[in-house]
Amino acid sequence: MKFEISNNSPLEIETNWLVVGIFEEAEFSESLQELDEKLEGSLSRVQERKDLTGKLGELTILADVPQLSAERVIVVGLGKHDKLTIGSLSKAYTTAFRHLATKENQSLVIMVPEGASSALGEGHSIERLVDVATVACSRQNIYSTEQDRYEFENVLLCGVSDFEVNQNALEKGLILGEAVNLTRELVNRHPDDLYPETFAQRAADEAADIHLQGEIFDQDMLEDEKMGALLAVSRGSDRPPRMVVLKYNGGGKNAPTIGLVGKGVTFDSGGLSLKTSAGMITMKSDMGGAATVLGAITAIAKLKLKVNVIGVMGLVENMTGGSAYKLGSVLTSRSGKTIEIHNTDAEGRLVLADALAYAVDQKVDKLIDLATLTGACVVALGEDIVGAFTNDQEWCDELKTASQKVNEEVWQLPMHDFFAEQLKSEFADCKNIGSRWGGATTAAKFLEQFVDDVPWVHLDIAGPSYAESSSAHRDSGGTGVMVRALVQLAADSC
Ligand code: BES
Ligand code: MN
Ligand code: ZN
């Protein structure tokens with residue numbers, strides 16, 4: 001898809017769609033006045049009839065505008081001017097782009113709303129417009145024989161002042177949008193298409209494209225690395241496990257290294273603690289953490305950020321085969337700690353225990369893990385908020401600040417020591433589940449045992465990484481949540 005910044009007057013360019021934004025309860029901006037005059041007042045007439053209010057996400061189409069070089073105009077409601085944020089801008093334009101992308105070969109001329117640069121910072125609105133256009137055009141129904149979404153042929157962005165800043169922002173927006181799309185695509189792939197081997201191969205291909213160093217660990221190598229917990233989860237499956245490690249060294253020798261660790265359960269049947277059909281139907285998405293790590297590290301590398309990042313993706317399928325791990329089984333994890341299994345559906349923490357321990361052994365300075373880890377976190381925070389847990393408040397605050405900047409909602413949950421008491425075992429160092437209550441925190445307390453004293457944040461993305469239904473500004477399926485936040489965090493760490 002081609003994006004360009006143009007200095008020409010948006011009213012003089014031939015295009016399928018002229019896209020203009022309008023704020024609620026505000027006078028027409030200068031460019032809107034100009035457009036209205038050219039349209040002989042039809043914009044103000046539509047407004048007087050209250051068919052155009054500027055409410056966030058409202059779309060008004062003027063389909064017959066012979067006075068213009070554009071074929072049609074779409075007016076996007078931006079909400080109240082003083083409430084404009086990156087989030088509201090995204091919602092408004094995603095709603096519009098989703099609509100426009102249903103037709104093939106469309107060209108767009110976007111009049112970047114006046115006041116957006118001053119409200120959001122020069123470049124930020126361009127970056128986000130390009131980002132969400134890239135996301136809105138990519139379809140989620142990847143196995144459907146009927147295509148319902150098409151890339152735009154050409155997108156011209158008009159009305160920006162600082163060309164260089166905005167050209168950089170445009171390129172960054174494209175990289176971010178593509179990274180989000182990569183994560184979404186992997187989450188959407190069905191479990192007989194995307195499994196540990198094929199995920200690892202895809203990661204290797206993506207890494208090779210951008211000269212990222214990496215290593216893929218197969219079953220034997222994982223055994224050599226003593227990844228007993230990860231391997232136990234994998235035992236019930238016919239599909240062998242993998243671990244992908246990607247290294248990006250943009251910060252040089254003396255810069256600190258951030259470890260990004262992702263849960264990559266390509267299908268979670270629950271194992272012998274079998275899920276119900278209703279609980280299992282979305283479990284192809286249980287590799288969302290690993291897909292987020294892959295999306296983020298490829299974007300960080302493409303943006304050439306001056307940081308060092310190691311991405312570790314633990315890839316297994318949790319099944320019920322004859323060799324499956326059992327209730328009462330005791331595993332020896334990579335760290336040496338023994339774990340008694342009380343529920344084979346609490347498998348993500350076992351995969352992460354070994355992947356985190358591996359990252360710690362690589363001498364990372366800070367750690368983030370991402371996992372679709374607990375239903376309890378979805379119960380606590382709903383489908384749109386990521387749960388955060390930490391052993392280091394400062395590092396968690398940095399993550400929260402980065403998330404806020406890119407409008408991804410994160411809420412910190414408790415880590416009181418007494419939750420860990422629930423994990424005591426009669427036969428081993430710990431067991432893999434606690435009681436019914438506080439399940440998101442006991443999962444986090446379980447993980448904490450494997451990060452030593454490395455500053456660490458655990459992000460439970462069970463709710464937000466996969467949308468069960470579509471809304472005006474978001475497609476159902478994989479969302480790519482936290483890709484932008486991780487990239488922002490890496491940028492802030494430079
Ligand atoms: N992958 C699930 C968590 C999950 C649930 C993700 C719903 C997305 C939506 C995880 O492996 C799991 O099964 N967790 C159990 C833990 C329990 C057995 C302690 C859960 O949340 O029920
Ligand atoms: Mn599970
Ligand atoms: Zn799981």
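Colleague: Which residues coordinate the zinc ion (ligand 3)?

Modeller: Bear in mind that this is a predicted model. In it, the zinc ion (ligand 3) is coordinated by Lys 263 through NZ, by Asp 268 and Asp 286 through OD, and by Glu 347 through OE, at 2.0 to 2.4 Å.

Colleague: And why is the arrangement around the zinc ion (ligand 3) octahedral?

Modeller: Because of the angles: the six donor atoms around the zinc ion (ligand 3) subtend 77 to 174°, which makes the arrangement octahedral.

Colleague: How are the donor residues of the zinc ion (ligand 3) spaced in sequence?

Modeller: The spacing is K-x4-D-x17-D-x60-E.

Colleague: Okay, on to the other metal. What are the protein donors of the manganese ion (ligand 2)?

Modeller: Asp 268 gives an OD atom, Asp 345 gives both O and OD, and Glu 347 gives an OE atom, with the donors lying 2.0 to 2.2 Å from the manganese ion (ligand 2). Along the chain, these donors follow the pattern D-x76-D-x1-E.

Colleague: Is the manganese ion (ligand 2) site octahedral or irregular?

Modeller: The site is irregular, with angles of 70 to 167° among its six donor atoms.

Colleague: Which residue bridges the manganese ion (ligand 2) and the zinc ion (ligand 3)?

Modeller: Asp 268 bridges them, and the two ions lie 3.1 Å apart.

Colleague: Nice. Changing topic, what does the domain assignment give?

Modeller: The assignment has domain 1 at 2-183 and domain 2 at 194-492. Their C-alpha centres lie 36 Å apart.

Colleague: How many residues are in contact between domain 1 and domain 2?

Modeller: On the domain 1 side there are 19 residues, in contact with 28 residues of domain 2.

Colleague: And what area is buried between domain 1 and domain 2?

Modeller: About 1900 Å², with carbon and sulfur atoms giving 59% of that.

Colleague: How many salt bridges does the rule find across the interface of domain 1 and domain 2?

Modeller: The rule finds three. Polar contacts between domain 1 and domain 2 come to nine residue pairs, counting those with both residues at pLDDT 80 or more.

Colleague: What about the side chains of Asp 475 and Arg 149, how do they meet?

Modeller: Those two side chains form a salt bridge, at 2.7 Å from N to O.

How values were computed: Residues are numbered from 1 along each chain as its sequence is written. Chains are lettered from A and ligands numbered from 1 in the order in which they are written. Side-chain values use heavy atoms; hydrogens and water are left out. Donors are N, O and S atoms within 2.8 Å of the metal (3.2 Å for Na, K and Ca); water is not among the atoms, so sites may look incomplete. Four donors count as tetrahedral if all angles lie between 85 and 135 degrees; four count as square planar and six as octahedral if opposite donors are over 155 degrees apart and all others between 65 and 115; anything else is irregular. Domain bounds come from an automatic or database domain assignment. Contact means heavy atoms within 4.5 Å. Buried area is the accessible area (1.4 Å probe) that two parts lose on being put together, summed over both. A salt bridge is a side-chain nitrogen of Lys or Arg within 4 Å of a carboxyl oxygen of Asp or Glu. A polar contact is a pair of N or O atoms within 3.5 Å; within protein, one must be able to donate a hydrogen and the other to accept it, and residues adjacent in sequence count only if both atoms are side-chain atoms.
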